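Dear colleague,

Please find below the structure that I am handing over to you. My findings follow directly after it.

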Amino acid sequence: QRTAEDSSCSLDELHLTATTAATTDPGAFSVTESVLEGADLTAEDELALTPQLQVEVPRLALRWVREAPEGRRLPVPVYLNGHRRNLVTAIPVRLPEGVPKAVWLQRGCAFVLWTGP
């Protein structure tokens, strides 16, 4: 709500974005030590194919923006833990050219926040 107020827009006009790059944006919040299952992330925050079942995501900065992100994107679910019973949100992540959207869906791509016992 704070971002909507600062941007003079409604909540419906805001879009959640994520980056692995360091940010000093006061409106951003960070998630640390999560994992991405079924894919990897490039330096440009784009999904990438990987033979690994999961890759560590040391830091993910999330923020709300008024402009919709450009490019082909897939809403990647964010689960509380590996059981995938508790959906927290979904983050739209950029898709690479040449890889059909169905591939990412079949791979079951998802962020997992807690990987403890």
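In which sense do E2 and E5 pair, and over how many bridges? The two strands pair in the antiparallel sense, over 8 bridges. Strands here are DSSP runs of at least two residues, numbered from the N terminus, and two strands pair if DSSP finds at least two bridges between them. One of the bridges places Val 31 with Leu 60 in E5 as its partner.

Before the remaining findings, two remarks on the basis of the values. This is a predicted model, in which local features need pLDDT of at least 70 and side-chain atom pairs count only at pLDDT 80 or more, while totals for chains, interfaces and linings use all residues. Residues are numbered from 1 along each chain as its sequence is written, and side-chain values use heavy atoms, with hydrogens and water left out.

The sheet

An open sheet is formed by 6 strands in the order E1-E5-E2-E8-E6-E7, with mixed pairing. E1 and E7 are the edge strands; each has a single partner strand, so one side of each is left without a neighbour in the sheet. On average, neighbouring strands of this sheet are turned by 40° against each other, direction ignored; the axes are lines fitted to C-alpha atoms, with angles from 0 to 180 degrees between N-to-C directions.

E1 and E5 run antiparallel and are joined by 5 bridges. By contrast, E6 pairs with strand E8 (residues 110-114) in the parallel sense, over 3 bridges. Asn 81 stands opposite Trp 114 in E8.

Thr 17

Thr 17 belongs to strand E1 (residues 15-19), and its bridge partner in E5 is Arg 63. With a relative accessible area of 16%, Thr 17 is buried (buried means under 20% relative accessible area, with a 1.4 Å probe and protein chains only). Not counting residues up to four places away in sequence, Thr 17 touches Ala 61, Leu 62, Arg 63, Val 65 and Pro 69; contact means heavy atoms within 4.5 Å.

The nonpolar core

The largest nonpolar core has 20 residues, of which Leu 36, Leu 47, Ile 91, Trp 104 and Phe 111 touch the most other members. Such a core is a set of buried Ala, Val, Leu, Ile, Met, Phe, Trp, Tyr and Cys residues joined through side-chain atoms within 4.5 Å. Strands E2 (29-37), E5 (54-65), E6 (73-81) and E7 (87-94) each give two or more residues to this core, and E5 gives the most, with 4 residues. Beyond four places in sequence, the residues that Phe 111 touches include Leu 36, Val 57, Val 76 and Ile 91.

Yours sincerely

Terms used:
Buried means under 20% relative accessible area, exposed over 50%, partly exposed in between (1.4 Å probe, protein chains only).
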